Amino acid sequence: MDPIKKLFLDSIRQYSSESRAAGGLLDAGADYQKTVAEEVAKLQRLYGGGDLESFPEFSFPEMLFPHLSEIKFL
């Protein structure tokens, strides 16, 4: 592997493991955390609250269509 690519991939892996250990972004200060909290609150107000961290679950009931023999044509 190219030494430059290896160095790049190693730095990405290092950042990934450090951010996973820290539980979030590295070097994210109080201003960033405050901005994120404000944006989440704004989104919850706009869209009626709920959990914004998980993908919503959808349920579509099965539609029942009448049989062709039941339809009256003009």
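Tyr 15 lies in helix α1, which covers residues 3–22. Helices here are DSSP runs of H or I with at least four residues, strands are E runs of at least two, and both are numbered from the N terminus. Tyr 15 is partly exposed, because its relative accessible area is 40%; buried means under 20%, exposed over 50%, and partly exposed in between, with a 1.4 Å probe and protein chains only.

The model is predicted: local features need pLDDT of at least 70, side-chain atom pairs count only at pLDDT 80 or more, and totals for chains, interfaces and linings use all residues. Residues are numbered from 1 along each chain as its sequence is written, and side-chain values use heavy atoms, with hydrogens and water left out.

The protein has 2 helices and 0 strands. Its C-alpha atoms fill a box of roughly 75 × 40 × 20 Å along the principal axes. The radius of gyration is 25 Å, whereas a compact globule of 74 residues would have one near 11 Å; the radius is taken over C-alpha atoms, and the globule rule is 2.2 Å times the number of residues to the power 0.38. Of the 74 residues, 1% count as buried. The protein exposes about 7,500 Å², and carbon and sulfur atoms supply 61% of that area. Accessible areas come from the Shrake-Rupley method with a 1.4 Å probe, and for residues only the protein chains shown count as cover.

The 20 residues of α1 should span 28 Å at 1.5 Å a residue, and its end C-alpha atoms are 28 Å apart, which agrees. The expected span is 1.5 Å times one less than the number of residues in the helix. Within α1 sits Ser 19, which counts as buried because its relative accessibility is 15%. Leaving aside residues up to four places away in sequence, Ser 19 touches Gly 24 and Leu 26, where contact means heavy atoms within 4.5 Å.

A salt bridge is a side-chain nitrogen of Lys or Arg within 4 Å of a carboxyl oxygen of Asp or Glu. Asp 10 meets Lys 6 at 2.9 Å, N to O, and Arg 13 at 3.7 Å, N to O. Lys 6 is 4 residues from Asp 10, about one turn of the helix, and Arg 13 is 3 residues from Asp 10, also about one turn. An α-helix has 3.6 residues a turn, so residues three or four places apart point the same way. Arg 13 counts as exposed because its relative accessibility is 53%.

After α1 comes Gly 23, whose phi is positive, near 80 degrees. The loop between α1 and α2 contains Asp 27, which is exposed at a relative accessible area of 83%. Asp 27 and Pro 66 are 39 residues apart in sequence and 61 Å apart in space, C-alpha to C-alpha.

The 17 residues of α2 should span 24 Å at 1.5 Å a residue, and the end C-alpha atoms are 24 Å apart, in agreement. Lys 42 and Glu 39 form a salt bridge (3.3 Å, N to O), and both lie in α2, 3 residues apart. Gly 48 follows α2, with a positive phi near 80 degrees.

Tyr 15 returns in a nonpolar surface patch of about 860 Å², whose members include Leu 25, Val 36 and Leu 52. Patches are made of residues with over 30% relative accessible area and no salt bridge, with like charges joined within 9 Å and nonpolar side chains (Val, Leu, Ile, Met, Phe, Trp, Tyr) within 5 Å. Helix α2, residues 30–46, gives the most to the nonpolar patch, with 5 residues.
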